[in-house]
Amino acid sequence: SAGDHKAYMRLALEQAQKSPPKPTNYRVGAVLVDSAANEILATGYTLELPGNTHAEQCCFMKLAQKHGVAEEDLKEVLPPELALYTTVEPCSKRLSGNLPCVERVLRLTESIRTVYVGTMEPETFVTENTGKKSLQSAGISVVHVEGLEKEILDVATAGHTKG
Ligand SMILES: Nc1nc(=O)c(N)c(NC[C@H](O)[C@H](O)[C@H](O)COP(=O)(O)O)[nH]1
Ligand SMILES: [Zn+2]
């Protein structure tokens, strides 16, 4: 129900608050949920793991480590009905040149059925995030969980100079 979605998004926001502020990215939090079992498989936040990592990426890296597989082979071991909650929509381009999270989600299309986003990506770094279209054309639903936008953006941009 909508209440559960907002609860998971709040959990993702709590993760985002653990992220060290930087002027060159956003502080994002993510939670990967097994929708069928209604249980959390992994959480993540920006820079949680070494290597200029993104929140969604950390969920996948931690799960891959837990299963003893490479992140790109995660699709072999994941249950079929997952939901990814992320405070900011998955990136479709990264100024660092690292693999965008949309590509990482698309690798898991057999498992991730829905991506719940707290806000769309602001235009600070990338002017047009094409992620939603890419995910939808792969059959993945993208759902905006409303009500936390201001809190999410305040956390996401805490490392940016104001004014
Ligand atoms: N969904 C999402 N999760 C994150 O954990 C994160 N940091 C971003 N941020 C998107 C933003 O577009 C990129 O942070 C910049 O494009 C710089 O790219 P890097 O982060 O250095 O790879 N977006
Ligand atoms: Zn990303």
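In what order do the strands of the open sheet lie?

**View 1. The open sheet of the predicted model.** The sheet has 5 strands, in the order S2-S1-S3-S4-S5, and its pairing is mixed. Strands of a sheet pair through backbone hydrogen bonds, either parallel or antiparallel. At the edges are S2 and strand S5 (141-144), each of which pairs on one side only. On average, neighbouring strands are turned by 20 degrees against each other, direction ignored. Helix H2 packs on the sheet and touches S1, S2, S3 and S4. The direction of H2 makes about 125 degrees with that of S2.

**View 2. Strand S3 (residues 82-88) and its partners, S1 and S4.** S3 is mostly covered, with 7 of its 7 residues buried. Strand S1 (residues 29-34) runs antiparallel to S3, and 5 bridges join the two. One of the residues to look for here is Val31, whose bridge partner in S3 is Tyr85. Strand S4 (residues 112-119) pairs with S3 in the parallel sense, over 6 bridges.

**View 3. A β-α-β unit made by S3, H3 and S4.** The chain elements in this view are S3, helix H3 (residues 101-106) and S4. Together they make a unit that is right-handed. The two strands of the unit, S3 and S4, pair in the parallel sense.

**View 4. The zinc ion (ligand 2) and its protein donors.** Which protein atoms are donors of the zinc ion? They are ND1 of His54, SG of Cys91 and SG of Cys101, lying 2.1 to 2.2 Å from the ion. Along the chain, the donors follow the spacing H-x36-C-x9-C. His54 lies in the loop between strand S2 (39-45) and helix H2 (55-67), and Cys91 lies in the loop between S3 and H3, so this pair ties together parts that are 37 residues apart in sequence. Both His54 and Cys91 are buried.

**View 5. The aromatic pair of Tyr26 and Phe125.** The structure holds 3 aromatic pairs. In the pair of Tyr26 and Phe125, the rings are edge-to-face, at 5.0 Å centre to centre and with 65 degrees between the planes. Why does the pair tie together parts that are 99 residues apart in sequence? Tyr26 belongs to the loop between helix H1 (2-16) and S1, while Phe125 belongs to the loop between S4 and helix H4 (131-137), so the pair links these two parts of the chain. Phe125 counts as partly exposed because its relative accessibility is 22%.

**View 6. The aromatic pair of Tyr85 and Tyr116.** The ring centres of Tyr85 and Tyr116 are 4.5 Å apart and the ring planes are at 10 degrees, so the pair is stacked. The cut-off for stacked rings is planes under 30 degrees apart. Tyr85 is in strand S3 and Tyr116 is in strand S4, 31 residues apart, and the pair links these distant parts of the chain. Both Tyr85 and Tyr116 are buried. With Tyr8, these residues form one aromatic cluster.

Terms used:
Residues are numbered from 1 along each chain as its sequence is written. Chains are lettered from A and ligands numbered from 1 in the order in which they are written. This is a predicted model: local features need pLDDT of at least 70, side-chain atom pairs count only at pLDDT 80 or more; totals for chains, interfaces and linings use all residues. Side-chain values use heavy atoms; hydrogens and water are left out. Buried means under 20% relative accessible area, exposed over 50%, partly exposed in between (1.4 Å probe, protein chains only). Helices (H or I, at least four residues) and strands (E, at least two) are DSSP runs, numbered from the N terminus. Two strands pair if DSSP finds at least two bridges between them. A crossover is right-handed if, with the strands pointing away from the viewer, the path from the first strand over the helix to the second runs clockwise. Donors are N, O and S atoms within 2.8 Å of the metal (3.2 Å for Na, K and Ca); water is not among the atoms, so sites may look incomplete. Axes are lines fitted to C-alpha atoms, for helices over the stretch in contact, and angles run from 0 to 180 degrees between N-to-C directions. Contact means heavy atoms within 4.5 Å. Rings of Phe, Tyr and Trp (its six-membered ring) pair if their centres lie within 6.5 Å; planes under 30 degrees apart count as stacked, over 60 as edge-to-face and the rest as tilted.
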